Amino acid sequence: MRALACALLLAGCTEAPMPMDEMPCPPTGTQLTYATFGAAFVDRYCNECHSTGKHGAPGSFTFDTVEDVRRHADRIFIRAAGPNTSMPVGPVDPPADERDRLAEWLACGAP
């Protein structure tokens, strides 16, 4: 019982994720595109679970195409972009600079 109380207390102390509207697209836009950044990031860090036919994520959250990513951009952002680090789960986390590039790419509409 004491462990559960501690876990609940600690869960309440975590910082809320930063939403995408707090980190808008830079005024100059982005040079990042799906071809030059997004596809590789999603393949490397997301699609082990978030691809059609894979298990681990709800079926409605597949990121097989750029359209899929754009449809879920807000949720991807609050889970994995910039300072948000709740995804991916597991030992292979994107480094901070890649999370920052993901934030920029998503905030600019995932071109």
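# A tour of the cysteines and pockets

Start by selecting C49: its sulfur lies 9.3 Å from the closest cysteine sulfur, that of C46, which is too far for a bond. The model is predicted, so local features need pLDDT of at least 70 and side-chain atom pairs count only at pLDDT 80 or more, while totals for chains, interfaces and linings use all residues. Residues are numbered from 1 along each chain as its sequence is written, and side-chain values use heavy atoms, with hydrogens and water left out.

Stay on C49, which counts as partly exposed at 29% relative accessibility. Then select C46, which counts as buried at 12%. Buried means under 20% relative accessible area, exposed over 50%, and partly exposed in between, with a 1.4 Å probe and protein chains only.

Next, select C25 and C108. They form a disulfide, with their sulfur atoms 1.9 Å apart; the term stands for a pair of cysteine sulfur atoms within 2.5 Å. C25 sits in the loop between α1 (2-12) and α2 (34-45), and C108 in the segment after α5 (96-107), so the pair ties together parts that are 83 residues apart in sequence. Helices here are DSSP runs (H or I, at least four residues), as are strands (E, at least two), numbered from the N terminus. Looking along the S-S bond, the angle is 95 degrees and the link of C25 and C108 is right-handed. C25 counts as partly exposed at 29% relative accessibility, whereas C108, at 19%, counts as buried. A search of the whole structure finds 1 disulfide.

Now select Y45, H50, M87, P88 and V89. Of the 21 residues that line the largest pocket, these are the closest to its centre. A pocket is an open set of points on a 1 Å grid over the protein atoms alone, where a 1.4 Å probe fits, with protein on both sides within 12 Å along at least five of seven lines; lining residues have an atom within 4 Å of a point. The largest pocket has a volume of about 490 Å³, a volume being the space filled by probe spheres set on the points, which are joined across faces, edges and corners.

Colour α4 (73-80) and α2, the elements that give two or more residues to this lining. α4 gives the most, with 4 residues. The lining divides into 14 nonpolar, 3 polar and 4 charged residues. Ala, Val, Leu, Ile, Met, Phe, Trp, Tyr, Cys and Pro count as nonpolar, Asp, Glu, Lys and Arg as charged, and the others, Gly among them, as polar.

Finish with the second largest pocket, of about 160 Å³. Its lining includes E15, M18, R79 and N84.
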